[in-house]
Every structure is written in C-alpha cells, then in structure tokens.
Amino acid sequence: MRILIANDDGIYSPGLAALARVAAEFGEVLIVAPDVEQSSMGHAITHSRPLSYRHSPLLAPFDAYRVNGTPADCVALGAFMWGHVDLVLSGINLGPNIGHGIWHSGTLAAAKQAALLGLRGIAFSTPTGRTEPDFAVLEPWVARVLDLLVAQPELHLVNVNLPPDPKGICWTSVSVRHYDGIVSPIDDPYGRRLHWLAVKPLEGTEPGTDRWAMQQGQVSVTPLRLDLTDHAALARVQRESPLDAPGMARGADAVDETEG
Ligand code: MN
C-alpha cells in the first residue's frame with residue numbers, strides 16, 4: 001500500500017513524524033508537507049504562482065518533501081509526483097479538529113483533497129495543552145484506527161480525533177452546535193489596535209458526536225462526505241416552489257452522482 005502523508009502544522013511537526021512511523025507499519029510512505037505552518041488555512045489552493053518542493057533529509061528514513069504551499073497543495077502535488085497513491089493520511093494535528101472547527105481545518109482539507117482526487121483520505125488530530133502530546137501513547141491507537149479503516153474501503157473521507165490518553169474508539173457524527181467567535185482587541189507596542197480571532201469553548205455536548213467522544217476520552221472516528229447539499233431542504237423547495245425546469249434538479253439522483 002502506497003501512503004502519502006501531509007499535514008498543516010508543517011513538515012517538522014512531531015505529529016507528522018508520529019503518523020509516518022505508524023503508517024510505515026501499513027505500507028510504503030511518502031511525506032509531502034508544507035514548509036511552514038498552515039493551520040486554519042482550510043482548503044485553500046495556490047493558483048496565482050507556481051509551487052516548488054525540496055527534499056527534506058531530516059525526516060529520514062522517510063522520503064520527505066517540503067512544499068511552499070497549502071495542505072491541499074501538498075496532496076495534489078504529492079499525488080502527481082508519486083503517480084499511484086492508495087491512501088492519504090493527514091496529521092497528527094497539534095490541536096483537535098471537531099465540530100464546526102473542521103470548516104477551518106487545513107488538516108482535514110488535506111484529507112479532503114484526497115477525496116476530491118478520487119483517493120481515500122483520513123485526518124488525525126489531538127489536543128495540545130501546555131505540554132506536547134505523548135505520541136508514544138497515541139501511536140498504538142492510530143494503528144488501531146488504521147486497522148479499522150483500511151478494512152472499510154467505502155469510507156472515502158474520515159476525520160479522527162484522539163484524546164490525550166484514549167480509553168477506546170467510537171464512531172461519531174460532527175457536533176453541529178454553534179460556537180461564538182471571539183474577536184479580542186489588543187494594542188501593539190506602538191499603540192495600534194490589533195485583533196485576535198478565537199473560539200469560545202462550548203459547554204455540554206450532544207451524545208454520539210465528535211466533541212462528546214473526546215470528552216469521554218474516546219477516539220472519535222467520523223465518516224464524512226463531500227456532498228454539502230441539504231437534501232431535505234432541496235426536496236421541500238422543489239415541492240413547494242417549483243422553478244422553470246422541474247426535471248433538472250433531482251435530489252435522489254444527485255446523491256448517487258456525488259457519492260460515487
Ligand atoms: Mn494545525
């Protein structure tokens with residue numbers, strides 16, 4: 001199995017090295033990752049300038065390349081460079097990617113780019129506190145998750161979050177509770193006003209969601225899909241407010257086309 005590894009924390013993140021160590025138990029590994037941190041870049045791609053890459057011998061024994069681009073760029077370029085890729089892994093991100101946070105995630109975007117290319121993508125994330133994650137504790141759990149997911153080839157895009165000291169693994173959905181974005185003003189040393197964008201932690205969780213699993217100390221494994229269509233809303237507006245070409249937007253058929 002040929003496994004392409006990317007991340008959004010940059011090629012020298014200890015999370016990427018941990019993921020590569022586990023992936024090497026499952027197949028041949030190629031690392032193609034951003035040369036600097038690209039967290040919260042979402043699914044941006046670079047289209048206004050060419051990309052370049054350089055070999056990174058510090059990641060030996062792994063074959064590794066650093067790219068002056070985004071996480072999604074790295075997967076697109078890596079898949080092109082390597083020709084045949086069986087699986088794309090992203091992470092292990094230093095910081096969780098759960099709930100609505102996945103909209104901003106560069107870690108998940110790298111896995112999502114794999115799904116866009118018709119490949120399989122799996123994103124891994126773990127919280128960070130004042131100390132680095134204990135990857136020696138997490139690596140056997142990453143291996144367990146890969147054992148589980150390699151045997152489920154119909155899952156094209158999966159988001160995995162690991163608590164600091166996992167007690168088990170569970171299947172989850174995305175927490176869709178809203179959070180309030182915090183805009184926090186500060187002044188720089190010259191008295192100029194600057195702003196931090198941050199997220200307000202939520203109280204309470206919905207059982208069965210990614211946020212809930214993490215609070216329970218469980219590894220959260222969420223199957224995702226690329227189709228953002230609100231099929232219930234589409235069926236309702238087609239019924240209640242039919243437009244000019246009623247045969248054009250067939251909800252059920254659209255699902256088949258986008259899921260395939
Ligand atoms: Mn990150």
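Trainee: At 23% relative accessibility, how does R2 count?

Mentor: This is a predicted model, in which local features need pLDDT of at least 70 and side-chain atom pairs count only at pLDDT 80 or more, while totals for chains, interfaces and linings use all residues. Residues are numbered from 1 along each chain as its sequence is written, and side-chain values use heavy atoms, with hydrogens and water left out. Buried means under 20% relative accessible area and exposed over 50%, with partly exposed in between (1.4 Å probe, protein chains only). Because R2 has a relative accessibility of 23%, R2 counts as partly exposed.

Trainee: With which residue does the side chain of R2 meet in a salt bridge?

Mentor: A salt bridge here is a side-chain nitrogen of Lys or Arg within 4 Å of a carboxyl oxygen of Asp or Glu, and a search of the whole structure finds six of them. For R2, the N to O distance to the partner is 3.9 Å. The pair links distant parts of the chain, 26 residues apart, with R2 in strand β1 and the partner in strand β2, where helices (H or I, at least four residues) and strands (E, at least two) are DSSP runs numbered from the N terminus. The partner, partly exposed at 45% relative accessibility, is E28.

Trainee: How many residues apart in sequence are the parts that R21 and E139 tie together?

Mentor: The side chains of R21 and E139 meet in a salt bridge of 2.7 Å, N to O. R21 lies in helix α1 and E139 in helix α4 (residues 135–150), so the pair ties together parts whose separation in sequence is 118 residues.

Trainee: How many of the 10 residues of α1 are buried?

Mentor: Helix α1 is mostly covered, and its buried residues are G15, L16, A18, L19, A20, V22 and A23. What covers them includes β1, β2, β5, β6 (121–126) and α4. Of the 10 residues of α1, the number buried is seven.

Trainee: Which residues is S13 in contact with, leaving aside its neighbours within four places in sequence?

Mentor: S13 is found in the loop between β1 and α1, and S13 is buried because its relative accessible area is 6%. Taking contact as heavy atoms within 4.5 Å, and leaving aside neighbours within four places in sequence, S13 is in contact with N7 and L94.

Trainee: Which residues coordinate the manganese ion?

Mentor: Donors are N, O and S atoms within 2.8 Å of the metal (3.2 Å for Na, K and Ca), and since water is not among the atoms, sites may look incomplete. Along the chain, the donors of the manganese ion follow the spacing D-D-x29-S-x53-N. At 2.0 to 2.2 Å, the ion is coordinated by D8 (OD), D9 (OD), S39 (OG) and N93 (OD1).

Trainee: How many residues apart are D9 and N93, a pair that links distant parts of the chain?

Mentor: Both D9 and N93 coordinate the manganese ion. D9 counts as buried because its relative accessibility is 14%, and N93 counts as buried because its relative accessibility is 6%. With D9 in the loop between β1 (2–6) and α1 (14–23), and N93 in strand β5 (residues 87–94), their separation is 84 residues.

Trainee: Where is F26 found, and how far apart in space are F26 and R192?

Mentor: F26 is found in the loop between α1 and β2 (28–34). Leaving aside its neighbours within four places in sequence, F26 is in contact with M1, I3, A143, L146, D147 and V150. R192 is 166 residues from F26 in sequence, and the C-alpha to C-alpha distance in space is 52 Å.

Trainee: Which residue forms a salt bridge with R193?

Mentor: The closest N and O atoms of this salt bridge are 3.0 Å apart. The partner of R193, which is partly exposed with a relative accessible area of 46%, is D187.

Trainee: In which helix is the place of Q113?

Mentor: Q113 is buried because its relative accessible area is 10%. Not counting residues up to four places away in sequence, Q113 touches H43, I45, A72, V75 and A76. The place of Q113, within residues 106–116, is in helix α3.
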